[in-house]
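Here is a short report on one protein chain. Look at the fold first, then at a pair of rings.

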Amino acid sequence: MVGRIRAVILVFIGSLIAVGFSHHLGQASATIVYSGATMTDVQECAKCADICKPWVEQCSQGQQYSCYKALACQCKCNLKAGGCGSSKKYLRACYKENTKKAELCRANKCPKE
């Protein structure tokens, strides 16, 4: 069951990254990328994968706490970068929920999903 949760989390993180890249980079122009996003916004979205990489790597090694931290990191980073193709409301909820789950894991009360 834990392996399945970990796989779902890794797929989710990958999809957040892919959506951010494909949503913005495929429509790039000199100054406007999509919905008023600038090249700076796109560059900030692209940084999220590197920023959250340590958590993703720990998650892939089987650390459930790190899986929730990876999701929270990706959601927070995308939010700070302007959304990266996801709604800001969703990203706020994603960050809050996964931070809470990570803290439960840290207290040895990891949620069973």
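## Fold and ring pair

The chain holds 4 helices and 0 strands. Along the sequence, the pattern reads α-α-α-α. Keep in mind that this is a predicted model.

Now the chain as a whole. It has 113 residues, and 32% of them are buried. The accessible surface is about 6700 Å². Carbon and sulfur atoms account for 58% of that surface. Next, take the contacts between residues at least 6 apart in sequence. Of these, 59% join residues at least 24 apart.

Then come the aromatic rings. How many aromatic pairs does the count give? The count comes to 1 aromatic pair. The partners are W55 and Y65, and their arrangement is edge-to-face. Their centres lie 5.9 Å apart, with 75° between the planes. The pair is edge-to-face because an angle over 60 degrees counts as such. The two residues are 10 apart and link distant parts of the chain. W55 belongs to helix α2, which covers residues 39-60. Y65 belongs to helix α3, which covers residues 64-80.

Buried means under 20% relative accessible area, and exposed means over 50%.

Notes:
Residues are numbered from 1 along each chain as its sequence is written. This is a predicted model: local features need pLDDT of at least 70, side-chain atom pairs count only at pLDDT 80 or more; totals for chains, interfaces and linings use all residues. Side-chain values use heavy atoms; hydrogens and water are left out. Rings of Phe, Tyr and Trp (its six-membered ring) pair if their centres lie within 6.5 Å; planes under 30 degrees apart count as stacked, over 60 as edge-to-face and the rest as tilted. Buried means under 20% relative accessible area, exposed over 50%, partly exposed in between (1.4 Å probe, protein chains only). Contact means heavy atoms within 4.5 Å. Accessible areas come from the Shrake-Rupley method with a 1.4 Å probe; for residues, only the protein chains shown count as cover.
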